[in-house]
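Hello,

Here is the structure we talked about. Please open it and keep it on screen while you read.

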Amino acid sequence: ADFETATTLDPEFALAWVGYADSVMLLTSYGTLTMGEIRERVAGYIDRALAIDDQLGEAYASLSQVHMSRRDWEQAEAAHLKSIELSPGYATAYHWYSNDLNDFPLRIDESIEYALKAAELDPNSAIIGANLAASYRAKGLYSMAERQLRKLIEINPQFARGPAALADLLIYQVSRYPEAIQLQRASIEQDPGNIRQYQELMNIYLDIGDLASAQAVRERQAEVDQNHPSNGMSDALYNAFAGNAAGVREAVNWAVPKYQGNPFALSNLAFIQASVGDLQQAKETYLIANPGWLDPNQWERLVSTFSFDACVVAWLLINTGDEKPGHGLLDRTSRYLEEELPAVMEHPDNFWPHFCQLTRGDTEMALATIETMLAHEHLFAWTVMAQFSLFDSIRDEPRFIAAMQERDRKIALQRAEIEAMQAEGKL
(Lines give C-alpha, C1' and ligand atoms only; values in the text may rest on other atoms or scores of the structure.)
Protein backbone atom coordinates (compact mmCIF):
# COMPACT_ATOMS: atom_id res chain seq x y z
CA ALA A 1 0.00 0.00 0.00
CA ASP A 2 2.89 2.37 0.77
CA PHE A 3 4.45 1.84 -2.65
CA GLU A 4 1.10 2.37 -4.32
CA THR A 5 0.71 5.61 -2.38
CA ALA A 6 4.22 6.68 -3.42
CA THR A 7 3.42 6.15 -7.10
CA THR A 8 0.28 8.24 -6.67
CA LEU A 9 2.09 11.06 -4.91
CA ASP A 10 4.94 11.05 -7.42
CA PRO A 11 4.19 9.15 -10.64
CA GLU A 12 7.70 9.94 -11.92
CA PHE A 13 9.44 8.21 -8.98
CA ALA A 14 10.86 5.18 -10.80
CA LEU A 15 12.01 3.27 -7.71
CA ALA A 16 8.51 3.49 -6.26
CA TRP A 17 7.20 1.63 -9.32
CA VAL A 18 9.91 -1.01 -8.81
CA GLY A 19 8.97 -1.37 -5.15
CA TYR A 20 5.30 -1.64 -6.10
CA ALA A 21 6.11 -4.36 -8.64
CA ASP A 22 8.28 -6.32 -6.19
CA SER A 23 5.79 -6.14 -3.34
CA VAL A 24 2.98 -7.46 -5.54
CA MET A 25 5.24 -10.13 -7.03
CA LEU A 26 6.32 -11.38 -3.60
CA LEU A 27 2.70 -12.08 -2.71
CA THR A 28 3.11 -15.22 -4.83
CA SER A 29 5.66 -16.48 -2.29
CA TYR A 30 4.25 -15.02 0.91
CA GLY A 31 0.55 -14.84 0.13
CA THR A 32 -2.06 -16.70 -1.90
CA LEU A 33 -1.69 -15.07 -5.33
CA THR A 34 -0.23 -16.97 -8.27
CA MET A 35 2.21 -15.44 -10.74
CA GLY A 36 -0.28 -16.01 -13.52
CA GLU A 37 -2.75 -13.75 -11.75
CA ILE A 38 -0.41 -10.79 -11.37
CA ARG A 39 2.27 -11.18 -14.06
CA GLU A 40 0.98 -8.56 -16.50
CA ARG A 41 0.23 -6.15 -13.70
CA VAL A 42 3.79 -6.45 -12.39
CA ALA A 43 5.23 -6.15 -15.90
CA GLY A 44 3.29 -2.93 -16.36
CA TYR A 45 4.78 -1.40 -13.23
CA ILE A 46 8.29 -2.34 -14.35
CA ASP A 47 7.68 -0.90 -17.81
CA ARG A 48 6.58 2.33 -16.14
CA ALA A 49 9.81 2.46 -14.10
CA LEU A 50 11.98 1.86 -17.16
CA ALA A 51 10.09 4.47 -19.15
CA ILE A 52 11.12 6.97 -16.48
CA ASP A 53 14.72 5.70 -16.14
CA ASP A 54 16.01 3.02 -18.50
CA GLN A 55 19.30 2.86 -16.59
CA LEU A 56 17.72 1.73 -13.34
CA GLY A 57 19.40 -1.53 -12.33
CA GLU A 58 16.75 -2.35 -9.73
CA ALA A 59 14.08 -2.38 -12.46
CA TYR A 60 16.04 -4.91 -14.52
CA ALA A 61 16.34 -7.20 -11.49
CA SER A 62 12.55 -7.12 -11.18
CA LEU A 63 12.16 -7.65 -14.92
CA SER A 64 14.25 -10.82 -14.67
CA GLN A 65 11.59 -12.36 -12.43
CA VAL A 66 8.84 -11.62 -14.92
CA HIS A 67 10.88 -13.34 -17.63
CA MET A 68 11.53 -16.30 -15.32
CA SER A 69 7.81 -16.66 -14.67
CA ARG A 70 7.40 -17.00 -18.45
CA ARG A 71 10.23 -19.57 -18.53
CA ASP A 72 12.23 -17.28 -20.82
CA TRP A 73 15.66 -17.93 -19.33
CA GLU A 74 17.66 -16.10 -22.00
CA GLN A 75 15.77 -12.85 -21.43
CA ALA A 76 15.86 -13.37 -17.66
CA GLU A 77 19.63 -13.84 -17.63
CA ALA A 78 20.13 -10.78 -19.81
CA ALA A 79 18.06 -8.74 -17.35
CA HIS A 80 20.05 -10.15 -14.42
CA LEU A 81 23.36 -9.16 -15.99
CA LYS A 82 22.04 -5.73 -16.96
CA SER A 83 20.91 -5.14 -13.39
CA ILE A 84 24.32 -6.04 -11.97
CA GLU A 85 26.06 -3.90 -14.58
CA LEU A 86 23.97 -0.83 -13.76
CA SER A 87 23.69 -1.34 -9.99
CA PRO A 88 26.72 -3.39 -8.84
CA GLY A 89 25.99 -2.59 -5.20
CA TYR A 90 22.38 -3.85 -5.30
CA ALA A 91 22.40 -7.06 -3.24
CA THR A 92 18.99 -8.22 -4.50
CA ALA A 93 20.31 -8.41 -8.06
CA TYR A 94 22.90 -11.01 -7.03
CA HIS A 95 20.40 -12.74 -4.76
CA TRP A 96 17.76 -13.23 -7.47
CA TYR A 97 20.33 -14.26 -10.06
CA SER A 98 21.69 -16.87 -7.66
CA ASN A 99 18.20 -18.08 -6.87
CA ASP A 100 17.35 -18.54 -10.53
CA LEU A 101 20.64 -20.30 -11.24
CA ASN A 102 19.57 -22.94 -8.74
CA ASP A 103 17.27 -24.19 -11.52
CA PHE A 104 20.39 -25.15 -13.50
CA PRO A 105 22.39 -27.66 -11.45
CA LEU A 106 25.35 -27.63 -13.82
CA ARG A 107 25.79 -23.93 -12.95
CA ILE A 108 25.44 -24.38 -9.21
CA ASP A 109 28.93 -23.07 -8.47
CA GLU A 110 27.93 -19.77 -10.09
CA SER A 111 24.82 -19.72 -7.93
CA ILE A 112 26.91 -20.05 -4.79
CA GLU A 113 29.28 -17.33 -6.02
CA TYR A 114 26.42 -14.85 -6.54
CA ALA A 115 24.77 -15.86 -3.26
CA LEU A 116 28.00 -15.15 -1.37
CA LYS A 117 28.30 -11.78 -3.12
CA ALA A 118 24.74 -10.88 -2.10
CA ALA A 119 25.50 -11.87 1.50
CA GLU A 120 28.66 -9.76 1.42
CA LEU A 121 26.69 -6.71 0.27
CA ASP A 122 23.85 -7.25 2.74
CA PRO A 123 25.02 -9.53 5.57
CA ASN A 124 21.96 -8.80 7.71
CA SER A 125 19.39 -9.88 5.12
CA ALA A 126 17.54 -12.97 6.29
CA ILE A 127 16.22 -13.89 2.83
CA ILE A 128 19.68 -13.59 1.29
CA GLY A 129 21.02 -15.87 4.02
CA ALA A 130 18.26 -18.36 3.23
CA ASN A 131 19.15 -18.23 -0.46
CA LEU A 132 22.78 -19.01 0.30
CA ALA A 133 21.59 -22.11 2.14
CA ALA A 134 19.42 -23.01 -0.87
CA SER A 135 22.47 -22.85 -3.13
CA TYR A 136 24.44 -25.12 -0.79
CA ARG A 137 21.47 -27.47 -0.75
CA ALA A 138 21.24 -27.47 -4.56
CA LYS A 139 24.89 -28.56 -4.73
CA GLY A 140 24.19 -31.39 -2.32
CA LEU A 141 26.13 -29.77 0.52
CA TYR A 142 23.44 -30.59 3.04
CA SER A 143 25.52 -30.13 6.18
CA MET A 144 26.62 -26.66 5.05
CA ALA A 145 23.03 -25.76 4.17
CA GLU A 146 21.83 -26.95 7.58
CA ARG A 147 24.48 -24.95 9.43
CA GLN A 148 23.63 -21.84 7.44
CA LEU A 149 19.93 -22.19 8.21
CA ARG A 150 20.44 -22.86 11.92
CA LYS A 151 22.62 -19.76 12.11
CA LEU A 152 19.94 -17.80 10.25
CA ILE A 153 17.20 -18.96 12.65
CA GLU A 154 19.35 -18.06 15.65
CA ILE A 155 20.01 -14.54 14.35
CA ASN A 156 16.51 -13.95 12.91
CA PRO A 157 14.09 -15.95 15.08
CA GLN A 158 11.05 -14.09 13.71
CA PHE A 159 11.86 -14.86 10.07
CA ALA A 160 9.27 -17.50 9.15
CA ARG A 161 11.13 -18.57 6.02
CA GLY A 162 14.05 -19.81 8.15
CA PRO A 163 12.34 -22.73 9.90
CA ALA A 164 10.38 -23.48 6.74
CA ALA A 165 13.57 -23.76 4.68
CA LEU A 166 15.26 -25.97 7.28
CA ALA A 167 12.15 -28.15 7.45
CA ASP A 168 12.23 -28.59 3.66
CA LEU A 169 15.86 -29.67 3.83
CA LEU A 170 15.06 -32.17 6.58
CA ILE A 171 12.07 -33.54 4.63
CA TYR A 172 13.37 -33.86 1.10
CA GLN A 173 17.09 -34.34 1.55
CA VAL A 174 17.75 -36.17 4.82
CA SER A 175 14.29 -37.41 5.95
CA ARG A 176 14.38 -36.24 9.57
CA TYR A 177 10.68 -35.78 10.11
CA PRO A 178 10.13 -35.15 13.85
CA GLU A 179 12.14 -31.92 13.87
CA ALA A 180 10.76 -30.99 10.45
CA ILE A 181 7.22 -31.06 11.86
CA GLN A 182 8.25 -28.78 14.72
CA LEU A 183 9.86 -26.36 12.29
CA GLN A 184 6.93 -26.31 9.88
CA ARG A 185 4.52 -25.67 12.72
CA ALA A 186 6.73 -22.83 13.96
CA SER A 187 6.77 -21.33 10.47
CA ILE A 188 2.98 -21.54 10.21
CA GLU A 189 2.56 -19.89 13.60
CA GLN A 190 4.76 -17.00 12.44
CA ASP A 191 3.14 -16.73 8.99
CA PRO A 192 -0.31 -18.38 9.10
CA GLY A 193 -1.31 -16.90 5.75
CA ASN A 194 1.42 -18.70 3.78
CA ILE A 195 -0.68 -21.49 2.32
CA ARG A 196 2.23 -23.47 0.89
CA GLN A 197 3.63 -24.29 4.31
CA TYR A 198 0.50 -26.26 5.15
CA GLN A 199 1.16 -28.43 2.13
CA GLU A 200 4.74 -29.05 3.23
CA LEU A 201 3.55 -30.06 6.71
CA MET A 202 0.93 -32.30 5.17
CA ASN A 203 3.63 -34.00 3.09
CA ILE A 204 5.43 -35.16 6.24
CA TYR A 205 2.32 -36.74 7.70
CA LEU A 206 1.58 -38.42 4.39
CA ASP A 207 5.06 -39.89 4.18
CA ILE A 208 4.85 -41.44 7.64
CA GLY A 209 1.40 -42.82 6.86
CA ASP A 210 -0.54 -40.59 9.28
CA LEU A 211 -3.43 -39.77 6.96
CA ALA A 212 -5.62 -38.40 9.76
CA SER A 213 -3.08 -35.73 10.70
CA ALA A 214 -2.53 -34.97 7.02
CA GLN A 215 -6.24 -34.42 6.53
CA ALA A 216 -6.37 -32.11 9.56
CA VAL A 217 -3.62 -29.96 8.03
CA ARG A 218 -5.47 -29.99 4.70
CA GLU A 219 -8.54 -28.57 6.43
CA ARG A 220 -6.47 -25.76 7.96
CA GLN A 221 -5.03 -25.03 4.52
CA ALA A 222 -8.52 -24.62 3.07
CA GLU A 223 -9.36 -22.11 5.80
CA VAL A 224 -6.63 -19.83 4.42
CA ASP A 225 -7.97 -19.92 0.85
CA GLN A 226 -10.30 -22.69 -0.28
CA ASN A 227 -9.88 -21.80 -3.97
CA HIS A 228 -6.08 -21.73 -4.06
CA PRO A 229 -4.66 -24.29 -6.54
CA SER A 230 -2.42 -25.76 -3.85
CA ASN A 231 -5.54 -27.33 -2.36
CA GLY A 232 -5.80 -29.44 -5.48
CA MET A 233 -2.14 -30.36 -5.23
CA SER A 234 -2.63 -31.41 -1.61
CA ASP A 235 -5.68 -33.50 -2.50
CA ALA A 236 -3.81 -35.18 -5.35
CA LEU A 237 -0.90 -36.04 -3.04
CA TYR A 238 -3.22 -37.25 -0.28
CA ASN A 239 -5.02 -39.60 -2.64
CA ALA A 240 -1.77 -40.81 -4.20
CA PHE A 241 -0.40 -41.78 -0.79
CA ALA A 242 -3.75 -43.38 0.06
CA GLY A 243 -3.74 -45.34 -3.22
CA ASN A 244 -6.99 -43.70 -4.38
CA ALA A 245 -6.64 -43.28 -8.15
CA ALA A 246 -10.14 -41.84 -8.57
CA GLY A 247 -9.39 -39.18 -5.95
CA VAL A 248 -6.15 -38.29 -7.74
CA ARG A 249 -8.01 -37.82 -11.02
CA GLU A 250 -10.64 -35.58 -9.47
CA ALA A 251 -8.02 -33.41 -7.72
CA VAL A 252 -5.81 -33.12 -10.80
CA ASN A 253 -8.71 -32.20 -13.05
CA TRP A 254 -9.60 -29.41 -10.62
CA ALA A 255 -6.03 -28.14 -10.22
CA VAL A 256 -4.62 -28.23 -13.77
CA PRO A 257 -6.63 -25.24 -15.11
CA LYS A 258 -5.69 -23.23 -12.02
CA TYR A 259 -1.98 -23.95 -12.49
CA GLN A 260 -1.78 -22.78 -16.10
CA GLY A 261 1.58 -21.07 -16.63
CA ASN A 262 3.20 -22.86 -13.67
CA PRO A 263 5.30 -25.66 -15.22
CA PHE A 264 6.68 -26.86 -11.88
CA ALA A 265 3.27 -27.39 -10.29
CA LEU A 266 1.87 -28.97 -13.46
CA SER A 267 4.85 -31.33 -13.59
CA ASN A 268 4.17 -32.38 -10.00
CA LEU A 269 0.56 -33.12 -10.91
CA ALA A 270 1.68 -35.11 -13.95
CA PHE A 271 4.04 -37.17 -11.78
CA ILE A 272 1.16 -37.99 -9.44
CA GLN A 273 -1.03 -38.98 -12.39
CA ALA A 274 1.69 -41.32 -13.64
CA SER A 275 2.00 -42.93 -10.21
CA VAL A 276 -1.63 -44.16 -10.35
CA GLY A 277 -1.30 -45.51 -13.89
CA ASP A 278 -2.84 -42.66 -15.91
CA LEU A 279 0.03 -42.62 -18.38
CA GLN A 280 -1.63 -40.87 -21.31
CA GLN A 281 -3.12 -38.20 -19.07
CA ALA A 282 0.21 -37.72 -17.30
CA LYS A 283 1.97 -37.24 -20.63
CA GLU A 284 -0.60 -34.66 -21.68
CA THR A 285 -0.15 -32.74 -18.41
CA TYR A 286 3.63 -32.81 -18.78
CA LEU A 287 3.23 -31.41 -22.30
CA ILE A 288 0.91 -28.65 -21.04
CA ALA A 289 3.67 -27.79 -18.56
CA ASN A 290 6.42 -27.92 -21.19
CA PRO A 291 5.53 -28.65 -24.84
CA GLY A 292 9.28 -28.77 -25.51
CA TRP A 293 9.50 -32.33 -24.21
CA LEU A 294 8.78 -33.37 -27.81
CA ASP A 295 11.45 -31.05 -29.23
CA PRO A 296 15.07 -32.33 -28.99
CA ASN A 297 16.30 -28.75 -29.36
CA GLN A 298 14.79 -27.94 -25.96
CA TRP A 299 15.99 -30.99 -24.06
CA GLU A 300 19.22 -29.35 -22.90
CA ARG A 301 17.27 -26.77 -20.90
CA LEU A 302 14.42 -29.03 -19.82
CA VAL A 303 16.58 -31.91 -18.61
CA SER A 304 18.62 -29.48 -16.52
CA THR A 305 15.70 -27.53 -15.10
CA PHE A 306 13.32 -30.47 -14.66
CA SER A 307 15.87 -33.16 -13.80
CA PHE A 308 13.51 -35.00 -11.48
CA ASP A 309 10.83 -35.30 -14.19
CA ALA A 310 12.90 -36.04 -17.30
CA CYS A 311 13.16 -39.81 -16.74
CA VAL A 312 9.43 -40.04 -16.06
CA VAL A 313 8.63 -38.09 -19.22
CA ALA A 314 10.91 -40.36 -21.27
CA TRP A 315 9.18 -43.44 -19.86
CA LEU A 316 5.75 -41.97 -20.58
CA LEU A 317 6.65 -41.05 -24.16
CA ILE A 318 7.98 -44.55 -24.85
CA ASN A 319 4.83 -46.14 -23.43
CA THR A 320 2.26 -43.86 -25.07
CA GLY A 321 3.23 -43.97 -28.73
CA ASP A 322 6.11 -41.48 -28.91
CA GLU A 323 8.91 -44.01 -28.82
CA LYS A 324 11.49 -42.18 -30.94
CA PRO A 325 11.53 -38.92 -28.90
CA GLY A 326 11.14 -41.00 -25.76
CA HIS A 327 14.29 -43.01 -26.39
CA GLY A 328 16.17 -39.89 -27.42
CA LEU A 329 15.13 -38.11 -24.23
CA LEU A 330 16.02 -41.21 -22.21
CA ASP A 331 19.56 -41.23 -23.62
CA ARG A 332 20.02 -37.50 -23.01
CA THR A 333 18.65 -37.65 -19.46
CA SER A 334 20.68 -40.74 -18.54
CA ARG A 335 23.88 -39.01 -19.65
CA TYR A 336 22.97 -35.92 -17.67
CA LEU A 337 22.04 -37.71 -14.43
CA GLU A 338 24.79 -40.33 -14.47
CA GLU A 339 27.74 -38.44 -15.97
CA GLU A 340 27.27 -34.65 -15.97
CA LEU A 341 25.47 -34.07 -12.68
CA PRO A 342 27.78 -36.20 -10.50
CA ALA A 343 30.71 -34.08 -11.73
CA VAL A 344 29.32 -30.89 -10.14
CA MET A 345 27.28 -31.91 -7.10
CA GLU A 346 26.96 -34.32 -4.22
CA HIS A 347 23.98 -36.68 -3.95
CA PRO A 348 22.87 -36.88 -7.60
CA ASP A 349 20.95 -39.99 -6.56
CA ASN A 350 18.37 -37.66 -5.01
CA PHE A 351 17.18 -36.86 -8.55
CA TRP A 352 15.92 -40.46 -8.87
CA PRO A 353 18.02 -41.64 -11.84
CA HIS A 354 16.71 -45.16 -11.22
CA PHE A 355 13.60 -44.19 -13.22
CA CYS A 356 15.81 -43.88 -16.30
CA GLN A 357 17.73 -47.02 -15.37
CA LEU A 358 14.54 -49.07 -15.09
CA THR A 359 13.17 -47.59 -18.32
CA ARG A 360 16.21 -48.80 -20.24
CA GLY A 361 16.12 -52.18 -18.46
CA ASP A 362 19.22 -51.76 -16.31
CA THR A 363 17.78 -53.35 -13.16
CA GLU A 364 21.16 -53.92 -11.52
CA MET A 365 22.06 -50.22 -11.71
CA ALA A 366 18.55 -49.22 -10.56
CA LEU A 367 18.77 -51.45 -7.50
CA ALA A 368 22.20 -50.00 -6.67
CA THR A 369 20.77 -46.46 -6.95
CA ILE A 370 17.87 -47.33 -4.64
CA GLU A 371 20.30 -48.77 -2.09
CA THR A 372 22.40 -45.60 -2.31
CA MET A 373 19.31 -43.47 -1.73
CA LEU A 374 18.52 -45.57 1.32
CA ALA A 375 22.05 -45.15 2.68
CA HIS A 376 21.84 -41.38 2.12
CA GLU A 377 18.46 -41.15 3.90
CA HIS A 378 16.67 -39.93 0.76
CA LEU A 379 13.42 -41.59 1.82
CA PHE A 380 10.66 -39.18 0.85
CA ALA A 381 7.73 -40.44 -1.30
CA TRP A 382 8.90 -44.04 -1.68
CA THR A 383 5.29 -45.11 -1.09
CA VAL A 384 4.21 -43.23 -4.20
CA MET A 385 7.37 -44.22 -6.10
CA ALA A 386 6.68 -47.92 -5.63
CA GLN A 387 3.18 -47.55 -7.12
CA PHE A 388 4.62 -46.86 -10.58
CA SER A 389 4.12 -49.81 -12.93
CA LEU A 390 7.69 -49.15 -14.02
CA PHE A 391 8.76 -50.91 -10.81
CA ASP A 392 7.02 -54.16 -11.74
CA SER A 393 10.32 -55.42 -13.17
CA ILE A 394 11.99 -55.33 -9.75
CA ARG A 395 9.02 -55.60 -7.41
CA ASP A 396 9.85 -59.21 -6.52
CA GLU A 397 13.62 -58.71 -6.40
CA PRO A 398 14.95 -59.54 -2.90
CA ARG A 399 17.13 -56.41 -2.92
CA PHE A 400 14.18 -54.15 -3.69
CA ILE A 401 12.01 -55.85 -1.08
CA ALA A 402 14.80 -55.47 1.48
CA ALA A 403 15.26 -51.79 0.62
CA MET A 404 11.54 -51.08 0.97
CA GLN A 405 11.40 -52.94 4.27
CA GLU A 406 14.38 -51.01 5.64
CA ARG A 407 12.85 -47.74 4.50
CA ASP A 408 9.59 -48.67 6.23
CA ARG A 409 11.51 -49.56 9.40
CA LYS A 410 13.23 -46.17 9.42
CA ILE A 411 9.92 -44.37 8.87
CA ALA A 412 8.20 -46.42 11.60
CA LEU A 413 10.85 -45.36 14.11
CA GLN A 414 10.28 -41.71 13.23
CA ARG A 415 6.52 -42.08 13.42
CA ALA A 416 6.86 -43.57 16.90
CA GLU A 417 9.03 -40.61 17.91
CA ILE A 418 6.45 -38.17 16.52
CA GLU A 419 3.62 -39.93 18.35
CA ALA A 420 5.62 -39.77 21.59
CA MET A 421 6.19 -36.04 21.05
CA GLN A 422 2.46 -35.57 20.47
CA ALA A 423 1.65 -37.45 23.67
CA GLU A 424 4.03 -35.17 25.59
CA GLY A 425 2.46 -32.07 24.08
CA LYS A 426 5.59 -31.15 22.13
CA LEU A 427 3.73 -31.10 18.82
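Below is what was found in it, topic by topic. One caution: this is a predicted model.

**The cores**

Start with the inside. Nonpolar side chains tend to be buried together in soluble globular proteins. Here the largest nonpolar core has 104 residues. Which members touch the most other members? They are Leu 269, Trp 293, Phe 355, Phe 388 and Phe 391. Helix H20, residues 307-319, gives this core its largest share, nine residues.

Now zoom in on Phe 388. Leave out residues up to four places away in sequence. Phe 388 then touches Phe 271, Ala 274, Ser 275, Val 312, Trp 315, Phe 355 and Arg 395. Phe 355 is also on the list of core members with the most contacts to other members.

**The salt bridges**

Side chains of opposite charge can pair when their charged atoms come close. How many salt bridges does a search of the whole structure find? It finds 25.

Take Arg 107 and Glu 77. Their closest N and O atoms are 2.8 Å apart. The pair links distant parts of the chain, 30 residues apart. Arg 107 is in the loop between helix H7 (91-101) and helix H8 (108-121). Glu 77 is in helix H6, residues 73-86. Glu 77 has a relative accessible area of 16%, so it is buried. The cut-off for buried is under 20%.

Next, Lys 117 and Glu 120. The closest N and O atoms of this salt bridge are 3.7 Å apart. Both residues lie in helix H8. They are three residues apart, about one turn of the helix. Lys 117 is partly exposed, at 28% relative accessible area. Glu 120 counts as exposed, at 56%.

Then look at Asp 278 and Arg 249. Here the closest N and O atoms of the salt bridge are 2.6 Å apart. Asp 278 sits in the loop between helix H17 (263-275) and helix H18 (279-289), and Arg 249 sits in helix H16 (residues 245-258), so the pair ties together parts 29 residues apart in sequence. Asp 278 is buried, with a relative accessible area of 8%. Arg 249 is partly exposed, with 37%.

Last, the network. Salt bridges link Glu 146, Arg 150, Arg 176 and Glu 179.

**A buried asparagine**

Find Asn 131 in helix H9, residues 126-138. Its relative accessibility is 4%, so Asn 131 counts as buried. What does Asn 131 touch, not counting residues up to four places away in sequence? The contacts are His 95, Ser 98, Asn 99, Asn 102 and Ala 115.

**The cavity**

The structure holds one cavity of 30 Å³ or more. The largest cavity has a volume of about 40 Å³. Which residues line the largest cavity? They are Met 68, Arg 71, Asp 72, Trp 73, Phe 104, Arg 301 and Thr 305. This lining divides into three nonpolar residues, one polar and three charged.

Best wishes

How values were computed: Residues numbered from 1 in each chain as written. Predicted model: local features only at pLDDT ≥ 70, side-chain atom pairs only at ≥ 80, totals over all residues. Heavy atoms only, no water. Core = buried A, V, L, I, M, F, W, Y, C linked by side-chain atoms within 4.5 Å. Buried < 20%, exposed > 50% of the residue type's maximum accessible area, 1.4 Å probe, protein only. Helix = DSSP H or I, 4+ residues; strand = E, 2+ residues; numbered from the N terminus. Contact = heavy atoms within 4.5 Å. Salt bridge = Lys/Arg side-chain N within 4 Å of Asp/Glu carboxyl O. 1 Å grid on protein atoms, 1.4 Å probe; cavity = no way out; pocket = protein on both sides within 12 Å on 5 of 7 lines; lining within 4 Å. Points joined across faces, edges and corners; volume = space filled by probe spheres on them. Nonpolar A, V, L, I, M, F, W, Y, C, P; charged D, E, K, R; others polar.
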